[in-house]
Amino acid sequence: MRVYLPATLPALARVATAKEFGPAPLTGYAVTPALIEWYASGDTEELEYVALTDAARASLRMLAADRADGVEAAARRVVIAAEVPDEAVAVGADLAERSRVRLARAVALEEIAAVHVDEQSAAADVEAAVAALPAADAGDDDARFTVDGAEAHELLWYATQEISDLVG
């Protein structure tokens with residue numbers, strides 16, 4: 001199963017060193033039965049894009065958490081795409097989290113298919129989105145618009161061989 005795992009550049013640097021993404025449990029996003037039911041007219045590619053977008057949104061929260069912990073993190077969303085065995089993925093039935101999945105184990109570097117990262121030009125919008133998260137969570141429509149503004153930027157695709165270049 002293809003799983004999209006939200007991350008940050010510091011987390012990606014740990015992948016380069018440890019040769020795995022973890023520790024478990026991990027929250028990821030994938031094409032789940034609930035997502036298929038919700039997006040009935042979409043093909044597999046469209047459904048995977050929804051899961052990727054959900055993971056990118058979760059990456060914003062990871063950036064905010066890193067900064068709250070004093071970790072220097074560039075204002076770039078990161079999503080790790082991995083191919084993991086179906087039995088390693090637990091899928092919930094909550095429609096509010098229609099693409100969310102859980103992995104009970106770390107993801108080995110060999111299971112990582114690609115990495116998706118914002119380009120540098122997205123930094124200002126990503127920075128604004130991270131700052132707006134608390135107000136957006138409290139229901140502020142302007143803040144939600146700012147958070148959604150980060151999604152106007154497409155994530156770039158990188159092969160696993162390029163991870164060290166991304167974090168170097």
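Here are some questions and answers about how the terms used for this predicted model are applied.

The model is a prediction, so local features need pLDDT of at least 70 and side-chain atom pairs count only at pLDDT 80 or more, while totals for chains, interfaces and linings use all residues. Residues are numbered from 1 along each chain as its sequence is written, and side-chain values use heavy atoms, leaving out hydrogens and water.

Q: How many helices and strands does the protein have, and what makes a stretch count as one?
A: There are six helices and nine strands. Both are DSSP runs numbered from the N terminus: a helix is H or I with at least four residues, and a strand is E with at least two.

Q: How do you know what radius of gyration a compact globule of 168 residues would have?
A: The rule is 2.2 Å times the number of residues to the power 0.38, with the radius taken over C-alpha atoms. For 168 residues a compact globule would come near 15 Å, and the protein has 15 Å, so the two agree. The C-alpha trace spans about 40 × 40 × 25 Å along its principal axes.

Q: Why is Ser99 called buried?
A: Buried means under 20% relative accessible area, exposed means over 50%, and partly exposed is in between (1.4 Å probe, protein chains only). Ser99 has a relative accessible area of 1%, so Ser99 is buried. Across the protein, buried residues make up 43% of the 168 residues.

Q: Which residues does Ser99 touch?
A: Ser99 sits in the loop between strand E5 (89-91) and strand E6 (100-103). Leaving aside residues up to four places away in sequence, Ser99 touches Gly28, Tyr29, Ala30, Thr32, Leu35, Ala51 and Asp54. A contact here means heavy atoms within 4.5 Å.

Q: What makes the pairing of the Ser99 and Asp54 side chains a polar contact?
A: A polar contact is a pair of N or O atoms within 3.5 Å; within protein, one must be able to donate a hydrogen and the other to accept it, and residues adjacent in sequence count only if both atoms are side-chain atoms. The two side chains make such a contact at 2.5 Å.

Q: Why is Glu110 called exposed?
A: Glu110 has a relative accessible area of 69%, so Glu110 counts as exposed. Glu110 lies in the loop between strand E7 (107-108) and E8. The C-alpha atoms of Glu110 and Asp141 are separated by 41 Å, although these residues are 31 apart along the chain.

Q: Why does Lys19 count as partly exposed?
A: The relative accessibility of Lys19 is 46%, so Lys19 counts as partly exposed. Lys19 is in the loop between H1 and E2, and Lys19 has a positive phi of about 65 degrees although it is not a glycine.

Q: Which residues of helix H1 (residues 9-18) are buried, and what covers them?
A: The buried ones are Leu9, Pro10, Ala11, Leu12 and Val15. Their cover includes strand E1 (2-7), helix H3 (44-68) and strand E8 (112-117).
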